[in-house]
Amino acid sequence: MSNRQTARISSRKQPQQARSADLVAAILQAAIQVLTEHGATRFTTARVAEKAGVSIGSLYQYFPNKAAILFRLQSDEWLHTTQMLQRILENPDHPPLTRLRTLVQAFIRSECEEAQMRGALNDAAPLYRDAPEAHEVRAVGRRIFAGFMLQLLPDVGDPTRITACDLILTTLGSVGKDFSGTERTDQEITVFADGLADMFSAYIVALNQVA
């Protein structure tokens with residue numbers, strides 16, 4: 001990955017004053033609205049600036065192009081998911097399998113509640129998904145879950161634990177995306193998430209019995 005490509009998704013500068021922070025917040029809020037209303041294919045910096053009520057020059061002070069804005073939105077979404085992951089998985093008041101179930105329920109519900117936004121960001125992903133920044137942000141969540149797998153599978157070998165980690169994360173992401181593609185009732189979300197958690201729990205129990 002060249003430095004030139006890296007720069008395209010990096011913010012030009014970080015806001016240092018409250019007024020600048022408010023400007024960036026307004027741009028990002030406008031970007032969410034434009035992305036939701038028009039989708040990734042019709043997302044432009046001009047539309048974002050107009051929606052935010054700022055000049056295009058002011059927008060370019062912080063974001064060099066639309067890829068940088070979209071990556072910031074995606075990074076914020078990944079950060080939110082990572083914080084949820086950490087909060088649930090590092091809670092010592094519940095046993096590991098209970099924490100896994102809670103995570104599955106929270107993740108599936110989050111996918112459904114933010115399906116339109118996440119779908120639009122997924123469409124925009126080719127603009128930034130291979131950049132080093134994107135890999136770095138995604139890796140944080142994976143490291144948290146990999147650490148949790150040590151609690152779920154304390155006695156199995158590393159290759160088995162890594163495979164189990166990959167299977168759960170890949171399944172959770174893929175199934176959550178497909179399920180949230182259709183509008184769901186609260187009961188449907190609960191039943192589906194519980195069923196998925198039951199599958200993961202049975203898989204973990206089976207691996208521990210073999211170890």
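Author: The count comes to 2 aromatic pairs, where rings of Phe, Tyr and Trp (its six-membered ring) pair if their centres lie within 6.5 Å. This is a predicted model, in which local features need pLDDT of at least 70 and side-chain atom pairs count only at pLDDT 80 or more, while totals for chains, interfaces and linings use all residues. Residues are numbered from 1 along each chain as its sequence is written, and side-chain values use heavy atoms, without hydrogens and water.

One of the pairs joins phenylalanine 179 and phenylalanine 192, with centres 3.9 Å apart and planes at 10 degrees. The pair is stacked (planes under 30 degrees apart; over 60 is edge-to-face, the rest tilted). Phenylalanine 179 belongs to helix α9 (residues 158-179) and phenylalanine 192 to helix α10, 13 residues apart, so the pair links distant parts of the chain. Helices here are DSSP runs of H or I, at least four residues, numbered from the N terminus.

Confidence is given as pLDDT, from 0 to 100 for each residue. The protein averages 88, and 91% of the residues score at least 70.

Technical notes: pLDDT is the predictor's confidence in each residue, from 0 to 100. Helices (H or I, at least four residues) and strands (E, at least two) are DSSP runs, numbered from the N terminus.
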